[in-house]
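Me: I would like to go through this model with you. Could we take the structure piece by piece?

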Amino acid sequence: AHRSGRIAGTLAAWDQSGFRQTTVKAYHGEWRLLKSCYNALALVLGGSRLPQANEEFKYMFAAFPTAADDDPGILRELIAVLCARALSAGDTYVVIGLHESDPLGKALAGFFTIRYTSRVYMIALENRERYEVRFPYLELARL
């Protein structure tokens, strides 16, 4: 994104489908029951349906999200462009990782999202003070 001739934000599209595919083999437990409800809700709210059993889960990674002054509006615009690109490429989801304390998380407002909660551990054996960060960032496409 550019503002006044300067770079104001970044977001990269990372399509790994050439070497990394995810296929849903089956739904178990509560997801077996919830999948139909989820798909109906997604249809109404403008989201994408979950794939059927033995169907590929098509997604694109959104990598390296940044915005000047932590402005979520800039990132929201970039995400909208990436979503349009992903849909035209046949993907049904865009995967982005933002920490819960990241102010850019507000950029996801208005998008149909699925929250994935995980734990991030940081180990620093020496010079711990060098590793002080506002919030952690993990590139999901690398996991």
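Me: Which strands does α2 lie across?
Reply: α2 (72-88) lies across β3, β6 and β7, and runs at about 20 degrees to β3. Contact means heavy atoms within 4.5 Å; axes are lines fitted to C-alpha atoms, for helices over the stretch in contact, with angles from 0 to 180 degrees between N-to-C directions. Helices (H or I, at least four residues) and strands (E, at least two) are DSSP runs numbered from the N terminus.

Me: What are the ground rules for the model and its numbering?
Reply: This is a predicted model, in which local features need pLDDT of at least 70 and side-chain atom pairs count only at pLDDT 80 or more, while totals for chains, interfaces and linings use all residues. Residues are numbered from 1 along each chain as its sequence is written, and side-chain values use heavy atoms, leaving out hydrogens and water.

Me: In what order do the strands of the sheet come?
Reply: The order is β3-β6-β7, an open sheet of 3 strands with mixed pairing. Its edge strands are β3 (9-14) and β7, each pairing on one side only. From one strand to the next, the twist averages 30 degrees. Two strands pair if DSSP finds at least two bridges between them.

Me: How many bridges join β3 to β6?
Reply: There are 5 bridges, and β3 and β6 run antiparallel. Trp 14 has Phe 61 in β6 as its bridge partner.

Me: And in which sense do β6 and β7 pair?
Reply: They pair in the parallel sense, over 3 bridges. Tyr 59 stands opposite Tyr 93 in β7, and Met 60 has Val 94 in β7 as its bridge partner.

Me: Why is β6 largely enclosed?
Reply: Because 7 of its 9 residues are buried, β6 is largely enclosed by the rest of the structure. Buried means under 20% relative accessible area (1.4 Å probe, protein chains only).

Me: Changing topic, how much space lies in the largest pocket?
Reply: About 2000 Å³. A pocket is an open set of points on a 1 Å grid over the protein atoms alone, where a 1.4 Å probe fits, with protein on both sides within 12 Å along at least five of seven lines. The volume is the space filled by probe spheres set on the points.

Me: Which residues lie nearest its centre?
Reply: Val 95, Ile 96, Ile 114, Arg 115 and Tyr 116, among 49 lining residues, which have an atom within 4 Å of a point. α2 gives the most to this lining, with 4 residues.

Technical notes: Buried < 20%, exposed > 50% of the residue type's maximum accessible area, 1.4 Å probe, protein only.
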